[in-house]
Amino acid sequence: MKNGIILGILLITVLMIVGCVPVAKLYVCADGSQVLDPSDCTAVETEQPGEEAIVIETESIEEELEEIVTEIEEVISDAAKEILDKFTKVTTLEFSYVESPAVVPEHFYFASAEKIKVKLKTKYSFSSNEYFDTVYLNLMEKTAVAYCENNNRAVCPDSDKEFDVDFNEFVIETPFDWMKKVKSVELTGKEVFLQRKTTKEMSFDIDGQEGTMLVDAFFGLPLKITFGGKNYEFRDVTVNGPKAEDLEHQFNT
């Protein structure tokens, strides 16, 4: 795999840099304290005739290594970057979502990087005679509220009544989330026609675990992700269709 070659080259570079990093000399004073300059030892601490200060050499490379390791972890090939950079123009998405082992979508979603609106396929019961059919998620605050928004007043007598629901029950990882997580991305050379779109297969890494994704070549948008033994698929996608008000409940006035 190309990543292995790239990482190997970078690791060799790390070793070369380590060998070139300046060495700091520490002097041990009579009281055992360590200083950079012998003159910093207290006046009462004098060397005995014929004795020399002990020099300890330490390598100051922690910051350099941390920067290099970060670069190694985030290697993205130029060919993959050219496609993925197109995703920066995506601000909102509309899609249905399938996560294995499911094979058909359960709900419909409107999403930005900060918010998600979930249109439930079937209404949920909040109490014996209260229901909701739409959930609004704030990803920054990790909160969720729901409403019954059906225009049929027999179904939803009060469309502005708010229900507190469990955030974790309805949140999913959207393409915005996946694009933040994937690292060490490169093209595999495979091209797949998916959902009437031309997609490029890419391999990636998340915390040392490898996966693949099929990315819309026009928008740089992941449509299908295989990771951790599961498939995550975004279907019927509309790019930049939803407006800001589509991600907020519209109260009746």
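Where pLDDT is low, the predicted coordinates should not be read in detail. Across the protein, the mean pLDDT is 82, and 75% of residues reach 70 or more.

Some ground rules. This is a predicted model, with local features needing pLDDT of at least 70, side-chain atom pairs counting only at pLDDT 80 or more, and totals for chains, interfaces and linings using all residues. Numbering runs from 1 along each chain as its sequence is written, and side-chain values use heavy atoms, leaving out hydrogens and water.

Next, the disulfide, a pair of cysteine sulfur atoms within 2.5 Å. The whole structure has one. Cys-148 and Cys-156 form it, with sulfurs 1.8 Å apart. The S-S torsion is about -60 degrees, so this disulfide is left-handed. Cys-148 is buried at 4% relative accessible area. Cys-156 is buried too, at 0%. Buried means under 20%, exposed over 50%, partly exposed in between, using a 1.4 Å probe and protein chains only.

Now the rings. Phe, Tyr and Trp (its six-membered ring) pair if centres lie within 6.5 Å; planes under 30 degrees apart are stacked, over 60 edge-to-face, the rest tilted. There are 16 aromatic pairs. Phe-95 and Phe-234 are edge-to-face, 5.3 Å centre to centre, with 90 degrees between the planes. Both are buried.

Technical notes. pLDDT is the predictor's confidence in each residue, from 0 to 100.
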